[in-house]
Amino acid sequence: MTIDFRKVIEENKEQFYQDLDQVMQIESVKGTPAKQAPFGKGPKEALLTVMSLAEKYGFKTAIINDVVGYAQWGDAEDYIGVVGHLDVVPAGDGWSFPPFKLSKKNQRFYGRGILDNKGPILACLFGLKLLKEMDLPVKKTIRIIFGTDEENGSSDIPLYLSEEQPPQFGFTPDCKYPVVYGERGIVNYEILTTLPKEELKDLGDFIGDQARDHVPDALSVTIHGKNISVQGKRAPSNAPELGENAITLLAEKILQEQAVTGTLAEYFSWLVKSLANQHHGEGLGLAFSDADSGKLMITPYELIKKDQQLALSVAIRYPVSVTEAEVTDSLKKHLPPESQLTVVRRIKSSHFPKDNPNIQLLSAVYEEVTGLDGTPVTTTGATYARFVPNIVAFGPSFPGQKGIAHNQDEYMDEEDLLKNMEIYMRGMLKLIE
């Protein structure tokens with residue numbers, strides 16, 4: 001049977017947009033735990049809404065431990081899995097469009113989660129609906145799995161796997177193309193530096209939007225009664241080269257204005273020399289790299305004052321051939337005096353055999369739809385592929401598209417969203433036929 005995927009998608013896209021908008025309007029940011037909502041009311045509301053849509057589409061549905069839901073086609077115990085997430089990062093400031101609504105301008109969709117990850121995972125669900133309506137003779141069971149805590153550590157996945165077996169194979173539409181067979185290790189450190197009390201007494205708190213998911217773009221501090229502020233450029237923390245880090249910008253301005261002296265001036269000088277525009281760890285003896293995953297990447301993402309100390313938090317993504325211990329040992333040798341290093345988060349690297357037949361299948365689908373090279377790649381990002389066995393990342397961003405997620409005016413071109421749906425429809429069908 002020959003299927004004109006693009007024609008089918010084009011005929012049904014308006015219904016897809018309506019259903020997607022329902023989910024986009026839910027502020028599914030992690031919040032205060034509530035009854036039957038461990039990650040807050042927003043993520044749970046998004047999950048319930050999607051389960052309602054899936055039931056309307058005719059799928060078998062279930063919610064596991066109040067945190068993960070699935071839509072299933074087929075009855076076999078073994079299944080192919082497509083794993084995405086409905087939770088999103090906070091909107092932040094500076095939007096040109098309502099963050100929690102599907103907005104469209106000049107053939108481009110805007111809204112928090114349109115790329116990461118509501119748009120792509122709902123494209124998978126709607127695409128599977130279209131396949132199901134064709135009454136195709138498929139042989140395998142497939143589940144579209146919806147998580148609700150990917151942005152805050154993926155603690156939903158162990159709760160799912162405690163009740164359900166993992167998929168035989170599958171993908172998460174939450175990264176980039178082509179197939180991503182390896183993800184770098186991630187380690188976040190807090191560098192706690194003790195400084196003279198008399199030097200810190202006239203230093204105020206650092207004010208700004210600082211969080212581990214992005215490069216801080218605005219920061220200010222009061223020193224000796226004078227406010228010093230900088231404006232940088234926000235970017236995802238796994239793409240620091242696309243941003244302008246307000247932490248290092250502020251340190252540079254403090255030094256330029258000679259606002260501090262002594263040990264405190266030495267600290268800000270260390271911060272600038274070690275981290276300003278040195279995204280690969282060159283200033284801290286961390287210039288690790290390998291052929292598969294490229295160079296180490298480092299992002300300072302938070303600077304706060306703690307009594308007699310300054311606490312700098314950095315996120316490091318290291319190549320798959322490097323160990324966390326090697327990173328830690330090298331970093332310790334390049335800290336300022338009176339500093340302590342603490343690991344506050346760690347995620348081991350992941351690696352899937354790139355010659356796996358299913359990876360080759362997805363690569364072939366990608367090449368067929370796009371005409372681009374489908375050779376599998378690695379990533380600096382962290383996806384559910386690290387936590388769900390037998391899963392690789394696959395889409396939704398095409399080569400050259402980087403630094404869109406987690407930013408203001410998060411977007412996805414209509415053409416790309418529909419192309420993703422075609423790729424996912426073709427890929428899912430190949431995996432289950």
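**Entry 1**

Angles here run from 0 to 180 degrees between N-to-C directions, and axes are lines fitted to C-alpha atoms, for helices over the stretch in contact. Helices (H or I, at least four residues) and strands (E, at least two) are DSSP runs, numbered from the N terminus.

I noted that this is a predicted model, where local features need pLDDT of at least 70, side-chain atom pairs count only at pLDDT 80 or more, and totals for chains, interfaces and linings use all residues. Residues are numbered from 1 along each chain as its sequence is written, and side-chain values use heavy atoms, with hydrogens and water left out.

Two strands pair if DSSP finds at least two bridges between them.

I then followed strand 5 (residues 108-110), which 3 bridges join to strand 24. R108 stands opposite D413 in strand 24. I wrote down a general point: strands of a sheet pair through backbone hydrogen bonds, either parallel or antiparallel.

I searched the whole structure for salt bridges (a side-chain nitrogen of Lys or Arg within 4 Å of a carboxyl oxygen of Asp or Glu). The search gave 24. One of them joins the side chains of K13 and E414, at 3.8 Å, N to O.

**Entry 2: helix 1 with helix 3**

The axes of helix 1 and helix 3 come within 9 Å and cross at roughly 130 degrees. The two helices are therefore oblique to each other. Under 35 degrees counts as roughly parallel, over 145 as roughly antiparallel, 65 to 115 as roughly perpendicular, and the rest as oblique.

I listed the contact (heavy atoms within 4.5 Å). Helix 1 brings residues including F5, F16 and M24, and helix 3 brings residues including K118, F126 and L131. By class, the residues divide into 12 nonpolar, 3 polar and 2 charged. Ala, Val, Leu, Ile, Met, Phe, Trp, Tyr, Cys and Pro count as nonpolar, Asp, Glu, Lys and Arg as charged, and the others, Gly among them, as polar.

**Entry 3: helix 6 with helix 7**

I looked at helix 6 (residues 246-256) and helix 7 (residues 262-275), which pack at an angle of about 135 degrees with axes 9 Å apart. That makes helix 6 oblique to helix 7. Among the residues that meet are I247 and L255 in helix 6, and F268 and L275 in helix 7. This contact has 9 nonpolar, 2 polar and 1 charged residues.

Most residues other than glycine have a negative phi, and most peptide bonds are trans. I looked for exceptions. N106 is not a glycine, yet its phi is positive, about 50 degrees. N106 sits in the loop between strand 4 and strand 5. A cis peptide bond joins D116 and N117, with omega about 10 degrees. N117 is in the loop between strand 5 and helix 3 (118-133). The bond from Y177 to P178 is also cis, with omega near -5 degrees.
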